[in-house]
Amino acid sequence: MRRGFPGLAGCIIHAGQPPHPEYTNAHEQSSRRVAVVTQLSGEQPRASWGARSLSVFVAAYNEVDNLAPTVNTIQRALDGAIADYEIIVVDDGSTDGTRQVADALATADARVRVIHYTTNRGLGYGWLRAIEAATKQSFVFVPGDNTWPHPSLRDIFSSIGRAEVITSYTTNPEIRVPARRVLSDVYTTGLNMLFGLKLEYYHGLTIYPIEFLRSNAITTYGFASMAEALLRAIHHGLSVVAVPCAIEERATGHSKAVSLRSLRSVVGTIGRLFIDLRLRGRRGPHATLALFGSGRHAAPIVPTASPVSAPSPSQTPGS
Ligand SMILES: Nc1nc2c(ncn2[C@@H]2O[C@H](COP(=O)(O)OP(=O)(O)O)[C@@H](O)[C@H]2O)c(=O)[nH]1
Ligand SMILES: [Mg+2]
């Protein structure tokens with residue numbers, strides 16, 4: 001049975017805009033800020049999926065100097081906001097001492113757990129394993145490069161309960177180098193065009209009900225895992241609130257997102273998602289291109305008792 005926020009099913013609203021009847025069926029008036037609003041009813045959301053319990057997945061691939069500050073910032077933001085939380089660090093075959101830093105963090109605080117891999121498996125792989133290991137009701141991925149400062153994390157965590165999914169977007173893209181900004185703009189615009197949406201950002205921190213992630217496993221080990229999870233949630237008809245946030249540039253180390261291997265993986269993932277969600281999908285607020293169905297109705301969330309198993313090789317692009 002579907003649980004959560006019946007009055008908000010299928011909506012994406014901008015944080016700061018309280019649910020109000022005037023937004024009902026207002027997707028025509030959507031701007032870049034209000035992405036999709038289909039059924040907003042004015043009913044106040046209720047946190048029926050145990051929203052105040054959170055598993056935080058911290059991905060760390062060669063983040064020796066960034067990991068401890070990241071975990072520290074997360075804990076400061078969680079303190080007072082979420083009583084019941086855990087932090088799951090995935091050290092993905094790091095060779096720079098990240099392993100030792102992660103172990104020290106876990107030793108110092110029982111709420112920090114670590115999963116080590118001896119070889120690098122990819123961000124999406126870590127995401128899937130962290131979901132398996134998670135014991136709380138909701139789940140968020142935070143990069144281990146310490147790029148999401150305390151006020152932004154605090155705003156995101158304190159938005160829990162406003163909708164089924166809390167996502168976020170960056171308000172200061174100018175901090176990134178021009179080439180990276182162009183790439184990011186092309187990515188966001190491309191996804192919006194392909195999926196009929198008007199999101200600001202597809203790689204913002206996003207809090208999901210864990211039962212949704214277990215029932216709707218991502219199919220990539222690559223960097224598009226974040227966009228895939230968000231698109232699947234929107235397609236599923238979950239209500240989404242987007243929180244505006246400032247980010248920072250990493251202080252040390254370098255980005256691993258921009259590489260030929262990563263690009264190939266992202267393109268493959270998006271292509272599969274387009275076929276899966278837009279061409280084959282019969283539901284979802286964005287399914288205006290659906291060839292085999294009328295779209296625009298939410299499907300139920302089917303909770304699973306057991307964690308998701310690893311995707312089969314045919315599901316993964318090997319990155
Ligand atoms: N588990 C895992 N994490 C990764 C991998 N590559 C990058 N990350 C982490 O994912 C986060 C984002 O990566 P980053 O390279 O900073 O990408 P960018 O922020 O998009 O430039 C960082 O915390 C990285 O340590 C990987 O192969 N496996
Ligand atoms: Mg980064």
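**Close-ups of a predicted model**

**View 1. The largest nonpolar core has 76 residues.** Inside this core, V56, F57, V58, I88, V89, Y208 and A233 have the most contacts. Helix α7 (residues 225-236) gives the most to it, with seven residues. A nonpolar core here is a set of buried Ala, Val, Leu, Ile, Met, Phe, Trp, Tyr and Cys residues joined through C-beta atoms within 7 Å, and buried means 20 or more other C-beta atoms within 10 Å of a residue's own, with C-beta atoms placed from the backbone. Helices are DSSP runs of H or I, at least four residues, and strands are runs of E, at least two, numbered from the N terminus. This is a predicted model, where local features need pLDDT of at least 70, side-chain atom pairs count only at pLDDT 80 or more, and totals for chains, interfaces and linings use all residues. Residues are numbered from 1 along each chain as its sequence is written, while chains are lettered from A and ligands numbered from 1 in the order in which they are written.

**View 2. Here's I88 with the residues it touches.** Among them are S55, V56, F57, V58 and R113, leaving out residues up to four places away in sequence. Touching means C-beta atoms, placed from the backbone, within 7 Å.

**View 3. Ligand 1 sits among 16 surrounding residues.** D92, G126, P143, S255 and A257 are the closest; a residue counts as near if its C-beta atom, placed from the backbone, lies within 6 Å. β2 (53-60), β3 (84-92) and α3 (123-133) each supply at least two residues of this shell.

How values were computed:
Buried ≥ 20, exposed ≤ 12 C-beta atoms within 10 Å, placed from the backbone. Contact = placed C-beta atoms within 7 Å.
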